[in-house]
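Here are my notes on this complex. Please read them with the structure open.

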Amino acid sequence: MAIGETIRNSQIWKSIFRHPMPLDRRNRIVVMLTNFFLHLHPVSIKKQGIALSFTWCMGGVTFFLFLVETVTGVLLMFYYRPTLEWAYNDILALRDVTSLGILRELHRWGAHAMVITTWLHMYRVFLTGSYKPPREFNWVIGVILLLLTLLLSFTGYLLPWDQLAIWAITVGSNMARATPILGYEGPGQQLLTIGGIDMITDGSDARFGLLGARFVGEETLNRFYVLHCIAIPLATALLLAIHFWRVRKDGGISGPL
Amino acid sequence: MHSNGLFLKDVAGFLGSYYTGLAVMNAVAALILWRKKGQFGWAVTWAVFAGAMMILASLALSGSESLVPGLPLAARNLVNKLSGPVLYTLGTTALFTILFVFRKFFVQPMAAWMVFNLALVLMGLSMADANFASIVMKPDNVPIVGLVFLLAFFTWVATKQAVVNDERIKQGLPPMEKLDDEKVLVWPDLVYTELICMVAVSAFLLVWAIFLPAPLEEPASSVKTPNPSKAPWYFLGLQEMLVYFDPWYAGVVLPSLVVFGLMAMPYLDFNKKGNGYYSIEERKFSYLVYQFGFFELWITLIILGTFLRGPNWNFYGPFEYWTPYKVEVLNNVDLPQMFWVNLLDRPLPRAPQGAGTLVQIGTILLREAPGLALLGAYLVLLPPLLAVTVFRGFYARMGFIRYMIMANLMLLMLSLPLKMILRWTLNLKYLVSIPEFSLNF
Ligand code: HEM
C-alpha cells in the first residue's frame, strides 16, 4: 500500500502519467483527456454504444489483431530473409530451432482471424445500418481497409516460400493476366498496339507489374516482402487513424436518433 | 475404399475431448437453466444430452472401428452420390430461406441451442470419416470452420435483436437501443470491456497457436504443380466463379465491381430508417440484397471451393476420397453453336478468306448476334423496364444516375447465379464467345 503510494507520488511517475489515479468521477474524466492512448475515445458515451450485443467489439478486436500482427511481424523479420536461398530455411529454423516456437503460428492464425473479424465487423456495421448518413464516407474507408487486410494476408502468404505459398500466389496472380486491355491474355489487349508492335506482352502486362517477373520468382518474393512489411501496413495504419477519427467526428458509435 | 482403422486411432483423442467439451458445455447450460424459474424441463433435457455426449466421448476414446460414433458407410456414400454443385447451391439457398422466414422461431435461445448442438454433433460424427477429416483439419482450413460458427452465432445475435425491435416498432415503440441512451463514463465502462476483449482474444490466439502448428509444405518448386492448386481460402469464392466465367470477368471485373458496389452502397441506399439499430422489417430490401451477396455468393462459394473442390477443380462429396483420376464429362456448348447449328441447322457465319477487317468484325458480330442481343436486353433494356414497373418507387426517389448505377450493379451481381443456372440446365458455356479478342462471356 505504502509502496504504491510512494511510487505514485514520485516525480518519475507523475512525469509519465499526467493525472491522478482514475478513482473518482473527476479523475476518470481527466484520464481520458490527458492520456495519449485514451484520447482516441470520448469522455462519456451512450450506454448503448458500448453494449457488446451492439458492436460485438468487432472493430476493436480487428484493431487489436492488427497490433498483434505488427508486433509478431517485427519479431519474425528478425529471423527471416526474403531470398530464394534463405526464405524457406529460415521458416524451417523458426519451427525447429528458435525458442518461443509459436511466433509463426501467432502471426499466421492472427492474420486469418483478422480477415474473419474484418468481415464480421463489416457485417455488424451493415446490420445496424451504421453506414447511413453521416457515416457514408467512413464505410468507404472501411471498404479500403478490408481490401488492404486481404492484400496484407495475400502478400504474406507467399513468404514461407513452400509449395502452398507459390502456387496459391500463382493461382491468385494469374487473374491479373486476364485484366481487360492491360493483361496479355485479357480481352482487348490487341488494342494497345503501336505501329504493329504489341505493347502488352507477358513481359509488360498487369501481372508482370505485380510479380516483377513472368512467373512467381525471387523478384516476386522481394516485391511481396516489401509490400507486406512496409507499404501496406503503413497505408493501413494511416487509414485506421482516419477511420477512428471519423468515428468520433461522425458523432460516435451510431444509435437510434 | 480406405480403411479407417489407423485413422480412428489417430483422432480418438481429439474426438474424445471434442465430445467431452460438448458435454461440459451442455452441463453448464443445464446448470444455468436449472437456476432459472420455469426452465426445469430444459435443464433436464440438456443434462441428459450432456450425459449422452459423455457416452459418445468414451466410445470415441476407444479408437476402435466398431465403437467410434460415426455416420454409417451407406449414408456417407449416399451423401457423396447425391451431392454436386446444383444440390449444394439449392440446399444452402433453401436453408437460408427457412432460417430467414422462420426467424422468429430460430432466434429463441432454446431453438438456437438445439441447432447449434445438432451442428456440432453432426460435425463430430463426420470427423470420424478419414476423407472428411483430412480436408477439414488441414491447418489453413480450420479458420473457415471457425468462420461458419462465428457467422451463425453473430447472425443469431443480430436477428434476435432485430426481431424484438421490429415487434416494438410495429407497436409504435422505439427500438431497444433507444432505452440505453443514458451516458456513461468511458473509464471504466468501455476501457475495461476493451481490456477484457483483448485478454480473451490473446488467450484464444495463444491456445490456437499452441495446438495447431502452421503448415509448411515442401520447398517451392515451379515445376511441380500441385493438383488442385488453390488460392488462399478467402479468395476461393472468386476461384469458384472461374467455373462459370473467364478470368477477366470472374477474377478482375467482378471483384472490382464488388469493391465498387460496397463503396457505393451508402450512397444508393436512400432508406433513412434503420440507422443505428438492428432491424429487418424497416430495410428488408437492402437486408436481403446484402445477405444474398454475402452468404450466397461469397461465403457458400468459399466453403464449396475449399471443402468440395478437389483435383482438377472437380466436385467431390464431403466424404469422398480426392482421387486425381475422377473424370467429369464436359459437354458445354456456346450459344452461337446452339443458335446457328443446333437450332437453325446452318454452319457458323465465317468471314471469307482474305476479307477486310470490317467484314471480319461484321461476321463476328453476326455470329455472336444472339448472345449480344440477350446481353443488350439484359443490361440496357431491363433497367428502364424495371424503372417503370417493379422499381418505380425506387426510380422516383433515386433519380436517373443513382438508379442506373444500382440497377446495373444488381444485374451484374445476378449475372453469376443466372450463369450458374444456364450452365446447369442448358450446358451453356459462353453467351458470347469471341476468341479473336479473348472476349468470352
Ligand atoms: C482493418 C479493419 C478495420 C478496423 C480495425 C476497424 C475498426 C473500427 C472500430 C474500432 C470502430 C468502432 C466501433 C466498433 O468497434 O464497431 C469502427 C467503426 C466503424 N467501422 Fe470499422 N474497422 C475496420 C474495417 C471496416 C470495414 C471493412 C468497414 C465497412 C466496410 C468499416 C466501417 C465502419 C463504420 C461505418 C463504423 C462506424 C460504426 C458505427 O458508428 O456504429 N470498418 N471500426
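The points below cover the basis of the model, the interface, the ligand site and the backbone.

1. Basis. This is a predicted model, in which local features need pLDDT of at least 70, side-chain atom pairs count only at pLDDT 80 or more, and totals for chains, interfaces and linings use all residues. Residues are numbered from 1 along each chain as its sequence is written, chains are lettered from A and ligands numbered from 1 in the order in which they are written, and side-chain values use heavy atoms, with hydrogens and water left out.

2. Extent of the interface. Chain A puts 89 residues into the contact and chain B puts in 94. Contact here means heavy atoms within 4.5 Å. Interface size is often quoted as the accessible area lost when the parts come together. For chain A and chain B the buried area is about 8,300 Å², with 73% of it on carbon and sulfur atoms. Trp109(A), Trp119(A) and Tyr123(A) lose the most area on the chain A side, together 10% of what that side buries. Buried area is the accessible area (1.4 Å probe) that two parts lose on being put together, summed over both.

3. Polar links across the interface. The rule finds 40 residue pairs in polar contact between chain A and chain B, both residues at pLDDT 80 or more. A polar contact is a pair of N or O atoms within 3.5 Å; within protein, one must be able to donate a hydrogen and the other to accept it, and residues adjacent in sequence count only if both atoms are side-chain atoms. There are 3 salt bridges between the chains. One of them joins the side chains of Lys47(A) and Glu182(B), at 4.0 Å from N to O. The salt-bridge rule asks for a side-chain nitrogen of Lys or Arg within 4 Å of a carboxyl oxygen of Asp or Glu.

4. Who supplies the chain A side? Elements giving two or more residues to it include β1 (44–46), α5 (58–79), α7 (103–127) and α8 (136–158) of chain A. The largest share, 17 residues, comes from α7(A). Helices (H or I, at least four residues) and strands (E, at least two) are DSSP runs, numbered from the N terminus.

5. A strand pair between chains. β1(A) and β1 (residues 183–185) of chain B run antiparallel, over 3 bridges. Lys46(A) has Lys183(B) as its bridge partner. Pairing requires at least two DSSP bridges between the strands.

6. Ligand shell. The ligand is surrounded by 25 residues; the closest are His121(A), Arg124(A), Gly142(A), His243(A) and Ser254(A). A residue qualifies if one of its heavy atoms lies within 4 Å. α5, α7, α8 and α11 (218–249) of chain A each supply at least two shell residues. α7(A) gives the most, with 6 residues.

7. Polar groups at the ligand. For Ser130(A), a polar side-chain atom lies 3.2 Å from a ligand oxygen.

8. Backbone points to inspect. Pro133(A) and Pro134(A) are joined by a cis peptide bond, with omega about 5 degrees. Pro134(A) sits in the loop between α7 and α8 of chain A. Another cis peptide bond joins Trp187(B) and Pro188(B), with omega about 15 degrees. Pro188(B) belongs to helix α10 (residues 186–211) of chain B.
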